[in-house]
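User: Could we go through this model together? I would like to begin with the terms and then turn to the details.

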Amino acid sequence: MSCLIVQADSTILLETNSPQYVEISAYLSLFSDLMKTPEHIHTYKITPISMWNASSSGIKSQDIIKFLKKHTKFEIPLKICKEIQMYMNRYGILRIEQKNGQLTLISRDSDIMKEIRKSEVIQPYLQDEIDNFSSRINLIHRGLIKQELIQLGFPVEDIAGYLCGESLQIQLSDVKLRDYQMDAIEAFYQGGKKTGGSGLIVLPCGSGKTIVGIGVMSKLNCETLILTTNVTSVKQWKREILTKTDVPEECIGEYTGDIKQVKPVTIATYQILTHRKNKDHDFIHMELFKKRNWGLIIYDEVHLLPAPVFRETANIQATRRLGLTATLIREDGREEDVFSLVGPKRFYFPWKQLEKHGWISKVECYEIRVDLSADVLDQYHQITNQKLKFRLASENPMKIKVINQLLKLHPDTPTLIIGQYLDQLKEISNHFQAPLITGELSHDERELLYTGFKEGKIKLLIVSKVANFAIDLPDAAVAIQVSGSYGSRQEEAQRLGRVLRPKKSDNQAHFYTLVTKDSKEQEFSLKRQLFLVEQGYQYHILDEKQITNKELLTS
Amino acid sequence: MNCEKYLSQLPQSYLREIQTQSTYEKLMKHGHDLKDCLTSPQLLAECYEKLNYIEKHTLSWLIRNVGYEPFEWKHIISLVEDQLSKAELKMGLTLLRQKGIVFTFRKTWGEHIYVIPKDAFHAWVKVLLPEIKHVSCIGDEVVQPLDRLGRGLIFDLFQLMIYIAKNEVSLTQDKMIKKRQLQKMCNLLDINEDDLQFIDLKYMGQDFYPKAFVLVYDLLLRLKLAEQKSKHVELNKDKIHGWLVQNSCQMNKILYEVWHQICMPNQVWLQLIWAKMETISYDMWYPIQELVNWIEDSQLMSCYGIEKKQCFNQLLNSMKVFVGFGWIQLGKTDNNEMVFKWKMNLNSTAKPLEHDEIQFYIQADYEVLVPSNVPFHIRWELESMSEMTNSDVIMHYSITKKSIKTARQNGRTTNDIIEFLNKYSKYGLPDNVKKSVEDWSEQVGKIVFQEVLLLRCADEKTFHQLNDNPLFQPYIITKLGEKDFIIQKNLLKELINKLEKNGYTPLFSSLKQGSEDEKVQFPSFNKTVNGSYILENAKEANGLVNSNKTMLYYEMEHKFPNIKDVYPILEEIPPIWLKQYRSYHPSTEKEIIQKAIDNHVYLKLRKNKVERMVLPQKIEEKEGDLLIHAFEKNKDITLFSHDWEEMRLIFPGINDK
C-alpha cells in the first residue's frame, strides 16, 4: 500500500496507518528530518544536511529515489529527485585527510577543486597545491575550511583522525544499557576508526541521552569536557557519572558561575563559556577548551549550542566531539555549522519505538477549560492591557478547585504542579500544604525536596519555571500546568519531559493544563496544543465539569 | 466549437435536408444519428466513398489547406491556385455545405464565413491522412522529464474563483481590476509568463494585465463562472455549481475546447499535428520527431513551405503552453530525443470516485491535507472554512479562528462545518479541533450586526398614535425610545398600505431597494452535489481575449444552400452547349470559350474522337484564327482552332459525370 506523499517543497508525508509504517519511518529518518508527528500523517523534510547525513552513513541517492518511488502515492516531483542526486553526490567529493602530520584537502573532481581554489573565502585556508586534486591546508584551519565549504554547498568528509587526549579509565558500574543505547554508542565510536569519533546522537526526551554520553566516555577512556545548558543539568551529569561509573568525585569538576573546577571530567555550562564583561572583552572562559588535553567533548542539547562556542569548536577539530540532542532543528538555522563542526548525525531512534518498548511512558494530554468567577470576569472585561488580561486569566483562582478534583482522581500518585507566577504558586502551595520549589530556594534545599519526591515521601511538589530546565524528577506520573508562557515550545517540551520517564505500574502519565475559558490564556494555549499534537500526543479538551468522570480521564 | 454545437443552432428544416442526403441514408437507417455520421471516423470513411469527385477533392483540399479555421471565399480562392478550378471549388463547397460537412455563418452584409467543426476535422484527418507511426512503449526509466509541469489550469481557475468568493474584487471606472488585488490574484496562479511566451494574445487591458492572469480570468468570464458588474466582479452561483460538480477530466475537456476556440495556432499543419496528437494514448511517451516525420510522410511539408527543423521547433513551442496548463509533459530520452506525453486524458471520462477516494485528512494540529483527487465541490466547501497554506502535490489548509469566522459570515452554521469536516475526513474530526471549531463558531454568533428597518416618527405624539393603534402592532418588532420602532422588513408594503389608508404619508430615507452591486457571498453547494455544466456559445460570453475565430460573433446561415446559386448564369446558357459535343461557327465558339473563362468552368474538346478537357484562361484572335490559353492537367497550354473539331461546356457538378 502506497503511504508516502513526496512534495516539491521537500517535505514527505507518511500515513501512519500503513502496515509498513515502522519500516518506512525508520528508513525515512535516515535521510530526512522528522518535522511533526500528529496522529495520522507525519511530516518529514529533506534538507541538504539530512541528505549529507545519509551520505555519511553510506546511503546512495539511487536507493533513496527507488524507495520513494516504491512507496509514493503520487508522482514524485522531478525537482526532488534531481536535488537528492545533486546533494548526495556532493558528499564525499571533498575530504580532509592527514599524512605525516600534514592536512590535505582532496577533491574527487579536479574541476570542483579548480572552482574552490578560485573562491575568495577559501583561498586564505589553502596552502600549496599538491596536484589538480589536492591542496595542503594548515592544521588550525581544519574547522574553518569545513565551515566555509559547506556554505558553498560542499560538505567535507573529515577523515583526518583525532588526538587521543589524556587517558582516564572510565568503567561503567552495574548499568544495563538498552539495545538502542548500545547501538548509539557504537554508531558514534565505530570501533575507534577515523570515520567515527564525531557527530550527533539524536534521541527523544527521556530516552537516556546522558547515559549514552557516559557510555561513549567509557569507550574512549579519556579526559572529557561536557558542555550543557544550565547548572541543574551540570549537577545531573555529575550525579549520573558518579552513580554509573567508577570515576571518583575528585576527578569530576563543575565549571559554572559559582564554581570553577577544571578536572579530568569537567562539566560546564554554555552560559559560562559565553560570559564576558562586555562586548569589547574576550570570552575568557573559552580557555577551558585548552586547559586540559581533552580526548572528548560532549555537547549536550547541541541544538542550543551558542555561536561563540561554534567558533571555539572550529579550533579543536582534532578532538573527538559528541553532540546529544532530541532535535536537529535549530531556531537560528545554523544546522550547517553543527554538521561541519560537531559532525554528521550518527544515530537516531524514534520516540514511538521507545513508547512501544515501555522505555518512556505513554502520556495523555488534557486541556481543561476553567470558568472565571463572575467578579473576576467583570475585572477581566474592564482591563484593556492584553498582558494583564493574560495574567489575570492565568491566575484564575477557580483553578484551585480543579486542581483539587484532579488530585482526587490521582491519589497517591507523584504529582507536579508547574506554574509561571510565584503568587499563584504560593497560594496553591498553601492551599494543598505542599512544598514549593522556586529559583529562590538553595540547591541543597531543592535537592532535599527532589530526594523526598523520588523516595515517595513527598507526593506533591509545586514548581516554578525552574522545572523548565533539566531537573530530574524520575517518578512524576501526573503534571498539572496551571500557568505558563505558552508561547515556548522549549518550555512545553521540558514540562512534558517531567512525566516521560517510564512508570513502574501501567506506564501511563497524565499531563494536564488548566486554561481559563474564553480568555487570552485560551488563545495562547493553542500554540502549546499545536506543539503537543505535532509531537504525536493524544490531546483532549475538556470542560471543568467533565473531570468528575474518572473513567474519562483514566481511559 | 464542435459539430454538435453547430447542428444545435440549425433549424429543423435545414437538419432534415442534411439527413435526407443520400450519403447518410444507409447509416441513418442503421440507427446512427447525424452527429455520429459527421464525427465518427469509421462512419465518415463510409460517407467519403459516397462523395463525388468534386466533393472529395474540395474536402481533401480544405482539410489540408484550411483546417478548422473559419474561412471566406476570397481567402480560399487566393490559395487554391491550379489544384482545383474555382468552379469546382465553389460547387464542392456548396455540396459539402449541403451535407453538413462545412457549416456557414452570415456576416452583417450577407457574406459567408465557412468552417469545418474541430471534431469533424479531427475525424477527417484520420480518414484522409496516413496514420502516425506506432512507437513501441518508451519507458519512464529512459526518459528524463523536463522540470516544468503546470499544476493545472483547472486549479488556477479554481484559485481565482475562491479569491473572488472571499474578497470583494472591485473594478475601476475602466472596468479593470485594481492593481493591489490584481497582484494578489496573479500570485495565486501557477501559470506564468514563460509558459505563454509562444502565444500571441490580444486582449483588453494589454498594457495592464499580465498575459497569464488574463488567460485564466478570461476563461472565468468566458465560462460565465464570473461576471464583470459595473463596479465589481461577481461569481455566477448557478454556473459555479455546475462547474464544480464536474470531474477534472470533464473540466479539462471543456477548457481544451474553449482554448481551441480562442487561441489555437492558425497554421494548418499544426492543426493537423494536434489532431494526430490527440490520438496518442494518455500518459505514454511519444517522440516529437515522429509527428514531424508524419507531416513529411504525408507530403505536406512542401505544401506549407516549411522545413523539418522549423516544424519541430514550432511544434515544441506550441506544446510548451500545454505544459504550463498541466496537460502535457515534455521529456528527453537517454538518446537525447525530445518526447512528450499527455497528462490529460482526452479520450475517457473519469469514473466517479468512491467515497474513500475523495477524503482528506484533518490533523490534530488543525491542518487539512487534501489530495489532488478530491473533487472541486468538496474543496470549495473546505475553502469556505479554512485557509490554504501551501499548494503542492497535495493542498494544505489550516482551520483557524479567522477561517471559522469567515465560514459563519458566509452562512455556514456550526453544524454545517462540523458535519462537513466529519463527512470527508478520512479519520474523522479530531476532538480538539472539533472543540475549537465549536468555541470559535460560538463566539462568532454572540454579537451580530444586523440590518433592520427603522420607522422613525417626527415626534412623540405620532409615536404614541402608532403605538396605541392595534392595527400596527403586527408590524412592530420592538420600540426604541420615544420616537422609533423596528418593524418587520418583509411586511413593509403591507404596512405602507395601512399607514397610507390611515392618513400617514411615510417618507423613504435612503432606503436601498437592492442594488446590482451587492456583493455575492461564498455560496454553499455542500448539500447539492448533482448538477451539470453546459458550455455556452463563446459568442455569448464576454471574455477579454479577442478570439481569432471571428465567426463566433456571427449568426449561422439558416438557408439551405442551393446548387443553382453556384451558377446563376446557367439559365442564360443554351442547354445544347452543355449537353453534347458539337461543332460551332467560330463566333459561337468564341462565345462558348468566353463563358468558360468567365465562370471558371471546363471546356471539353474533341478531334478525331480524341477528347481533352481544359480550363480556359484567356482567348485571343490572331490573323482570324482563335487561340486558347488554358490549363490542362495543371500545365499551361495554347490551343489553335485546328486542335479541335467539336466542343462542349462542362459545369462541375452539373454535367461532369
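Analyst: A residue is called buried if 20 or more other C-beta atoms lie within 10 Å of its own, exposed if 12 or fewer do, and partly exposed in between, with C-beta atoms placed from the backbone. This is a predicted model, in which local features need pLDDT of at least 70, side-chain atom pairs count only at pLDDT 80 or more, and totals for chains, interfaces and linings use all residues. Residues are numbered from 1 along each chain as its sequence is written, and chains are lettered from A and ligands numbered from 1 in the order in which they are written.

User: Is B:Tyr68 buried or exposed?

Analyst: B:Tyr68 counts as buried, because 27 C-beta neighbours lie inside 10 Å.

User: Where is B:Tyr68 placed, and what is it in contact with?

Analyst: B:Tyr68 is in the loop between helix 6 (53–65) and helix 7 (73–79) of chain B; helices (H or I, at least four residues) and strands (E, at least two) are DSSP runs, numbered from the N terminus. Leaving aside neighbours within four places in sequence, B:Tyr68 has contacts with B:Val115, B:Ile116, B:Pro117, B:Lys118, B:Phe121 and B:Gln271. Contact here means that the C-beta atoms of two residues, placed from the backbone, lie within 7 Å.

User: What separates B:Tyr68 from B:Lys405?

Analyst: Their C-alpha atoms are separated by 51 Å, and the two residues are 337 residues apart along the chain.

User: How many residues are in contact between domain 1 and domain 4 of chain A?

Analyst: In domain 1 of chain A, 4 residues are in contact with 4 residues of domain 4 of chain A. The side of domain 1 of chain A that touches domain 4 of chain A has 1 nonpolar, 1 polar and 2 charged residues. In these classes, Ala, Val, Leu, Ile, Met, Phe, Trp, Tyr, Cys and Pro count as nonpolar, Asp, Glu, Lys and Arg as charged, and the others, Gly among them, as polar.

User: And how many residues are in contact between the two chains?

Analyst: There, 22 residues of chain A are in contact with 16 residues of chain B. Strand 1 (4–6), helix 4 (78–90), helix 21 (520–534) and strand 23 (538–543) of chain A each give two or more residues to the side that touches chain B. Helix 21 of chain A gives the most, with 4 residues. By class, this side of chain A has 13 nonpolar, 4 polar and 5 charged residues.

User: Which strands pair with strand 18 of chain B?

Analyst: Strand 18 (residues 602–607) of chain B pairs antiparallel with strand 22 (residues 646–650) of chain B over 5 bridges, and 5 bridges also join strand 18 to strand 19 (residues 610–622) of chain B, again antiparallel. Two strands pair if DSSP finds at least two bridges between them. B:Leu605 has B:Met647 as its bridge partner in strand 22 of chain B and B:Arg612 as its bridge partner in strand 19 of chain B.

User: What is in the turn between strands 18 and 19 of chain B?

Analyst: The two strands form a hairpin with 2 residues between them, and B:Asn608 in the turn has a positive phi of about 50°. Most residues other than glycine have a negative phi.

User: Where in chain A is there a positive phi in a residue other than glycine?

Analyst: One of these is A:Asn100, with phi near 50°, in the loop between strand 5 (94–99) and strand 6 (102–107) of chain A. A:Asn100 is exposed, because 4 other C-beta atoms lie within 10 Å. Phi of A:Gln190 is also near 50°; A:Gln190 counts as partly exposed, with 13 C-beta neighbours inside 10 Å.
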